Amino acid sequence: MLRVDTHHHAVPSEYRNLLRKAGIEYAGGRGLPEWSPEGSLQAMSELGVGTAILSVSAPGTTFLPNPADAAALARDLNEHLAAVVAAQPDRFGFFATIPMPHVQESTDEAVRALDELHADGVILLANAAGVYLGQDGQDDLFDALNARCAVVFIHPADLPGPAVNGVLPFATDFLLDTTRAAYLLVRNEIRQNYPDIKFILSHAGGFVPYASHRMAIAIMSDTGRVLTDTLDDFAGFYFDTALSSTATALPSLLAFAKPGHVTFGSDYPFAPIAAAKLFAAGLETYRALDADARTAIDRTNALRLFPRLGSAPAPAARSPIDHVRRAVSRTVMRGAARLIDPR
């Protein structure tokens with residue numbers, strides 16, 4: 001049962017050259033890697049991946065401030081990846097690049113890419129030039145994505161503001177960036193208002209599984225929303241395992257995410273093949289996963305997101321211990337609610 005890799009990047013040579021001409025040599029503190037479809041296929045072979053869903057990582061089109069230029073680059077990138085997929089549709093899919101923060105141009109390109117190029121979804125950066133996903137003014141884009149039951153892959157970018165000397169952005173800032181976007185999508189009720197969009201959070205959701213209760217309390221105190229509803233919104237995201245399949249991260253993720261909502265991710269080629277293998281091995285050797293649960297993460301959960309790749313059984317129900325965890329969680333949150341607002 002070969003894996004479906006939902007976090008696998010493409011760096012077309014023309015795009016890399018454009019970034020370098022703009023003085024951009026790094027993304028998230030890592031040098032821009034060489035990439036080709038052939039290189040991806042080799043990496044996929046080493047990682048046991050049957051199909052990779054390609055996406056262009058940060059900075060996307062955000063280094064082009066003119067909306068028309070950003071939209072033109074997004075179109076070119078999507079045409080390029082559509083051609084890669086057309087040549088080997090069983091081995092590749094792609095998430096379309098969208099020229100955020102320009103909402104009208106982004107909506108137009110999302111519609112074109114999904115309807116005409118048959119993209120498998122779209123990639124949206126957690127923040128695009130400092131504008132976060134989930135902030136006001138993005139309803140037209142979400143309307144179009146919801147109408148198409150789109151899969152939206154949320155990938156972090158460099159945080160607004162200066163980097164901290166000695167802290168590589170991909171190591172820490174990326175996790176916060178994803179978490180900020182997830183928080184806004186829940187806090188501003190995007191998850192509630194657009195229920196047919198399937199959002200995948202990169203890198204096991206950043207801090208979301210670990211800090212969800214803390215964030216739910218904050219949203220409750222800020223908006224008055226019911227705690228359990230907020231937690232349910234957070235748990236309803238999809239999460240990939242890129243750079244996150246460890247004996248400490250996996251328990252939190254798997255206890256929190258809804259059944260069928262965790263997919264395999266490698267982060268190739270920004271993650272060197274040795275690093276991708278290290279985290280894949282963590283998933284393979286995690287003893288709390290039985291064979292069916294591991295297969296679900298590796299493949300079948302993604303098949304439900306991308307049915308063109310094949311059919312998949314319904315996700316397994318939560319185990320009794322999962323129900324206990326959720327019941328305890330609700331009890332704790334009710335107690336927290338009374339402490340914050342005894343009414």
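Biologist: How are H2 and H11 oriented to each other?
Modeller: This is a predicted model, in which local features need pLDDT of at least 70 and side-chain atom pairs count only at pLDDT 80 or more, while totals for chains, interfaces and linings use all residues. Helices (H or I, at least four residues) and strands (E, at least two) are DSSP runs numbered from the N terminus, and axes are lines fitted to C-alpha atoms, for helices over the stretch in contact, with angles from 0 to 180 degrees between N-to-C directions. The axes of H2 (residues 37–47) and H11 come within 10 Å and cross at roughly 30°. Angles under 35 degrees count as roughly parallel, over 145 as roughly antiparallel, 65 to 115 as roughly perpendicular and the rest as oblique, so H2 and H11 are roughly parallel.

Biologist: How are H6 and H9 oriented to each other?
Modeller: The axes of H6 and helix H9 (residues 227–235) come within 10 Å and cross at roughly 130°. On the angle classes already given, H6 and H9 are therefore oblique.

Biologist: Which hand does the crossing of H6 and H9 have?
Modeller: A crossing is left-handed if the near helix is turned anticlockwise from the far one by less than a right angle, and right-handed if clockwise. H2 passes H11 in a right-handed crossing. The crossing of H6 and H9 is likewise right-handed.

Biologist: Which helix gives the largest share of the lining of the second largest pocket?
Modeller: A pocket is an open set of points on a 1 Å grid over the protein atoms alone, with protein on both sides within 12 Å along at least five of seven lines, and its lining residues have an atom within 4 Å of a point. The second largest pocket has 31 lining residues, with Leu175, His203, Ala242, Leu243 and Ser244 nearest its centre. At least two lining residues come from each of H6 (173–187), H8 (208–223), H10 (249–256) and H11 (273–284). The largest share, 3 residues, comes from H10.

Biologist: How many charged residues are in the lining of the second largest pocket?
Modeller: Ala, Val, Leu, Ile, Met, Phe, Trp, Tyr, Cys and Pro count as nonpolar, Asp, Glu, Lys and Arg as charged, and the others, Gly among them, as polar. The lining has 19 nonpolar and 10 polar residues, and its charged residues number 2.

Biologist: How much space lies in the largest cavity?
Modeller: A cavity is a set of grid points where a 1.4 Å probe fits but cannot get out. Points are joined across faces, edges and corners, and a volume is the space filled by probe spheres set on them. The whole structure holds 3 cavities of 30 Å³ or more. The space in the largest cavity is about 130 Å³.

Biologist: Which strand gives the largest share of the lining of the largest cavity?
Modeller: The cavity is lined by 14 residues, and Ile98, Met100, Ile123, Leu124 and Leu125 are the closest to its centre. The lining comprises 9 nonpolar, 5 polar and no charged residues. The largest share, 3 residues from 121–125, belongs to strand S6.

Biologist: What is omega for the peptide bond from Met100 to Pro101?
Modeller: Residues are numbered from 1 along each chain as its sequence is written, and side-chain values use heavy atoms, with hydrogens and water left out. Pro101 is in the loop between strand S5 (92–97) and helix H4 (103–115). The bond is cis, with omega near 15°.
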